[in-house]
Amino acid sequence: MNSEKKSRLFLLFLTVVIVFFGFCTENRNQRMEKEIKAVDTGISEEETDICIALTFDDGPHPVWTEKLLDGLKERGICATFFVIGENAEKNPELIRKMIENGNQVGNHTYSHVQLTECRPETAIKEISRTQEAVYKAAKIYPRYIRPPYGSWNEYLQSETELKTVLWDVDPMDWKVQNTDQIVSSVMKQTKDGAIILLHDIYETSVESALKIADIYLAAGYRFCTVEEIGIE
């Protein structure tokens, strides 16, 4: 095969590759537009105060939490962060930034243990150490707790005045770590008053959260903290 024919075949192959990837990108964008429209059509003109809560576990992370906080501020919305005490101690400036930006900070234990599998005194210490870590960073004590794995019981409730917050929407972002899949999963599950569970220690979760924010803001939703959404 002469060099001229090889060049023509290579150019043909390159063209096919470019067209294929362009087609895939276009399809993905079209799917996203359809999903946005689907959200839009779910809101009537009379509904003006539809509220959902973005919540984030396991942070703060020195890179991704910082990016998330900036992104939320740019969009004028707030979220609730259930922080790990160890990470709060390592990144006190991010705890302060959360509060300064109007976000809410909750307790997610000191080292992400399953509280109902601990000795009672260990479980209480996990909670109290995180309370102190947040107070040391920002001079506030969290009022809400999200127990890791949703693991809670009556004894723990009797030993703390913190209100327990679980979730309505779980896209398994820690496992999937794919932005498009996470966004699509959230959009399929979210209704008015929903509490969305994400983790601010993964780049894909932060990217997903900001995309979700853009989609629902455009659709007329309002973002609330768990306190604003009415958790009792």
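Figure 1. Trp-174 is found in helix H7, in a structure that is a predicted model. At 41% relative accessibility, Trp-174 counts as partly exposed, and together with Met-172 and Val-176 this residue makes a nonpolar surface patch of about 240 Å². Met-172 itself is placed in the loop between strand E5 (163-164) and helix H7 (173-176), and with a relative accessibility of 30% Met-172 is likewise classed as partly exposed. The backbone at Met-172 has a positive phi of about 55°, although the residue is not a glycine.

**Figure 2. The disulfide between Cys-51 and Cys-224.** A search of the whole structure finds 1 disulfide, and the cysteines it joins are Cys-51 and Cys-224, with an S to S distance of 1.5 Å. Because Cys-51 lies in strand E1 (residues 51-57) and Cys-224 in strand E7 (residues 222-224), the pair ties together parts that are 173 residues apart in sequence. Cys-51 counts as buried at 7% relative accessibility, and Cys-224 is also buried, with a relative accessible area of 0%.

**Figure 3. The largest nonpolar core, with Leu-54 and Phe-81.** The largest nonpolar core has 38 residues, and those with the most contacts inside this core are Leu-54 and Phe-81. Two or more residues each are given to the core by E1, H2, strand E2 (80-83), helix H4 (92-100), H5, helix H8 (179-189), strand E6 (195-199) and helix H9 (203-218). The largest share, 7 residues, comes from H9. When neighbours within four places in sequence are left aside, the residues in contact with Phe-81 include Phe-56, Leu-68, Leu-69, Leu-72, Met-98 and Val-105, and among the others that Phe-81 contacts are Thr-65, Asn-103, Gln-104 and Asp-200.

Figure 4. Most residues other than glycine have a negative phi, and most peptide bonds are trans. The peptide bond from Gly-59 to Pro-60, however, is cis, with omega near 0°, and Pro-60 is found in the loop between E1 and helix H2 (64-75). His-112 shows a positive phi, near 60°, in a residue other than glycine. The position of His-112 is in the loop between strand E3 (104-107) and helix H5 (120-138), where His-112 counts as partly exposed at 25% relative accessibility.

**Figure 5. Gln-189 and the segment around Asp-170.** Gln-189 lies in helix H8 and, with a relative accessibility of 33%, counts as partly exposed. Which residues does Gln-189 touch, not counting those up to four places away in sequence? They are Asp-168, Val-169, Asp-170 and Pro-171. For one of these, Asp-170, the separation can be stated in two ways: Gln-189 and Asp-170 are 19 residues apart along the chain, while their C-alpha atoms are separated by 8.4 Å.

Conventions:
Residues numbered from 1 in each chain as written. Predicted model: local features only at pLDDT ≥ 70, side-chain atom pairs only at ≥ 80, totals over all residues. Heavy atoms only, no water. Disulfide = S-S within 2.5 Å. Helix = DSSP H or I, 4+ residues; strand = E, 2+ residues; numbered from the N terminus. Buried < 20%, exposed > 50% of the residue type's maximum accessible area, 1.4 Å probe, protein only. Core = buried A, V, L, I, M, F, W, Y, C linked by side-chain atoms within 4.5 Å. Contact = heavy atoms within 4.5 Å. Patch = residues over 30% accessible without salt bridge, like charges linked within 9 Å, V, L, I, M, F, W, Y side chains within 5 Å. Areas by Shrake-Rupley, 256 points an atom, 1.4 Å probe, with all protein chains shown as cover. Salt bridge = Lys/Arg side-chain N within 4 Å of Asp/Glu carboxyl O.
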